[in-house]
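My notes follow in the order I took them.

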Amino acid sequence: MSSVARFLLISFLFAALSAGALPTTATNEMKLTEDFFHYFAFGSNLLDERIKVQIKGAEFESTGVLDGYRLEFFDEGKRWRGAVASITADPNSHVWGCVWRVPNSFAAELDKQESGYHRLNVTVKMSSSGASVDCRTYQYSNPERQPRPPSPHYKHVIVSGAVEHDLPDNYIEMLKRIKDNGYRGPVELDLAVLKELNNGAL
């Protein structure tokens with residue numbers, strides 16, 4: 001292609017884009033590619049059903065591992081009737097989780113869901129590609145937090161999400177061994193995976 005022809009082609013494409021003549025799907029795909037952030041979930045948002053209660057635009061991308069942190073549970077939250085999950089810096093440990101693509105339009109809603117937590121930027125190694133990706137995650141904020149056990153409901157949602165997304169077997173077994181607080185009764189979230197627990201059947 002001559003330089004003149006190349007110039008004319010570029011000029012045509014630019015004019016078409018400016019006039020909105022390019023296919024809508026193509027321009028929408030370009031916007032979607034740019035208009036999201038990666039979110040690393042390690043607690044209840046491991047489960048597809050749970051994250052989409054509020055973050056309906058979330059798309060699962062990969063499982064991944066966060067080195068240099070350990071999973072812990074603190075205090076007692078009203079929503080789950082037991083301790084809430086967080087991560088604590090620990091050079092000898094790691095946390096497995098899910099990497100979700102979240103549209104920026106859901107950023108405020110995710111902050112709202114994670115009330116009592118603060119944003120934390122971390123680097124996660126994705127299982128699907130082995131590549132490292134910068135993610136937003138959330139860390140429990142209470143400086144006077146105390147270790148506490150989670151409710152059976154919260155634990156069950158976390159384990160169910162880990163199984164759903166095929167986290168490593170040894171990590172799932174570790175989650176199953178976490179002692180719960182023995183709470184019996186319903187919690188605020190009415191999820192399918194909690195039907196028996198919320199009805200007191202388990």
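I began with the contacts of Tyr-39, leaving aside neighbours within four places in sequence. Tyr-39 touches Asn-45, Ile-51, Cys-98, Val-99, Trp-100, Val-102, Leu-110, Glu-114, Arg-136, Thr-137 and Tyr-138. I keep in mind that this is a predicted model.

Next I placed Tyr-39 in the fold. Tyr-39 sits in strand β1, residues 36–41. Its relative accessible area is 3%. The cut-off for buried is under 20%, so I log Tyr-39 as buried.

I then turned to Ala-41. This residue is also in β1. Ala-41 is buried, at a relative accessible area of 1%. With neighbours within four places in sequence left aside, Ala-41 contacts Leu-46, Gly-97, Cys-98 and Trp-100.

I checked the annotation. The unreviewed UniProt entry gives a "binding site" that covers Tyr-39, Phe-40, Ala-41, Phe-42, Gly-43, Ser-44 and Tyr-154. Which of these residues does the lining of the largest pocket include? I found Tyr-39, Phe-40, Ala-41, Phe-42, Gly-43, Ser-44 and Tyr-154 in that lining.

Last, I looked at helix α6, residues 169–176. The buried residues of α6 are Tyr-171, Ile-172 and Leu-175. Down the axis of α6 they fall within an arc of 100°, so they line one face of the helix. On the face turned away from that buried side I noted the exposed residues Asp-169 and Asn-170. What covers the buried residues of α6? I listed β2 (59–77), β3 (82–103) and α5 (152–164) among the covering elements.

Conventions
Residues are numbered from 1 along each chain as its sequence is written. This is a predicted model: local features need pLDDT of at least 70, side-chain atom pairs count only at pLDDT 80 or more; totals for chains, interfaces and linings use all residues. Side-chain values use heavy atoms; hydrogens and water are left out. Buried means under 20% relative accessible area, exposed over 50%, partly exposed in between (1.4 Å probe, protein chains only). Helices (H or I, at least four residues) and strands (E, at least two) are DSSP runs, numbered from the N terminus. The arc is that of the directions from the helix axis to the C-beta atoms. Contact means heavy atoms within 4.5 Å. UniProt positions are given in the numbering used here, feature names are shortened, and annotations may be inferred rather than shown by experiment. On a 1 Å grid over the protein atoms alone, a cavity is a set of points where a 1.4 Å probe fits but cannot get out, and a pocket is an open set with protein on both sides within 12 Å along at least five of seven lines; lining residues have an atom within 4 Å of a point.
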